Amino acid sequence: WSTQKLEPIELAVFERCSLFRAGFGAALADAVRPPGVSSEQVQTALRALRDSSLLVPDRAGGDGEGRLVLYGAVRDFAFARLVEAGAFDQAAGAFAEAMRAWAEPLGQRHARTGNQEALRALAAEADNLLGAAELALARGAVAVAASLLSALSHASSARASSDSFLDLAARALSHRGAGALSPGAWAELSF
């Protein structure tokens, strides 16, 4: 692949895109923002990656409108580069936190009002939310994982594997005493 021609910011964004399990929408671009890089620079990098065919339109992801995806082999290559660069730990933590910051308000909005737009947004990103929860749990960020799973519970029947969701929820619940979570947050996971 033509990564040798990428600018440093483009390469960093490319590597971080490997954290997405599936295609992703523009609303989640900041989830792959490297430290010290602006949102505008991320958008420019994503355009460059799309222009070089390292990112392609996601035809499998719902309406496909504005969604991008890495092909499997390209994703594996980008992930290996992320690890080799020594950036995985920071990137995984930032990714999980950015996904939580995006998903939590949508889950709350759907829980309060039954907002279907919020539900559709969560459902479209279900695989990515599940991946972010798994990364958070693996890093010991139980509160982040529980928040992601709580948001995901609204859309768990939509796209994410229910077995994976239930497995992660059970693992998060087994850490009940390890994170500073409100009883309400644990109750949402104890469905």
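This is a predicted model: local features need pLDDT of at least 70, side-chain atom pairs count only at pLDDT 80 or more; totals for chains, interfaces and linings use all residues.
**The core**

Start by selecting F14, L46 and M99. The largest nonpolar core has 53 residues, and these three touch the most other members. Next, colour the helices that contribute to this core. At least two core residues come from each of α1 (8-17), α2 (39-51), α3 (72-84), α4 (88-113), α5 (116-124), α6 (126-138) and α7 (142-153).

**Around L46**

Keep L46 selected and show what surrounds it. Which residues is L46 in contact with, leaving aside neighbours within four places in sequence? They are V13, C17, F24, A29 and L55.

**The aromatic pairs**

Now move to the rings. The whole structure holds four aromatic pairs. Select F20 and F24, which form a stacked pair with 4.1 Å from centre to centre and 10° between the planes. Are these two residues buried or exposed? F20 and F24 are both buried.

Then select F79 and F88. Why is this pair edge-to-face? The ring centres of F79 and F88 are 5.5 Å apart and the planes stand at 75°, so the pair counts as edge-to-face, because the cut-off for that class is over 60 degrees.

Finish with the accessibility of these two residues. F79 is partly exposed, at a relative accessible area of 33%. F88 is likewise partly exposed, and its relative accessible area is 23%.

How values were computed:
Residues are numbered from 1 along each chain as its sequence is written. Side-chain values use heavy atoms; hydrogens and water are left out. A nonpolar core is a set of buried Ala, Val, Leu, Ile, Met, Phe, Trp, Tyr and Cys residues joined through side-chain atoms within 4.5 Å. Buried means under 20% relative accessible area, exposed over 50%, partly exposed in between (1.4 Å probe, protein chains only). Helices (H or I, at least four residues) and strands (E, at least two) are DSSP runs, numbered from the N terminus. Contact means heavy atoms within 4.5 Å. Rings of Phe, Tyr and Trp (its six-membered ring) pair if their centres lie within 6.5 Å; planes under 30 degrees apart count as stacked, over 60 as edge-to-face and the rest as tilted.
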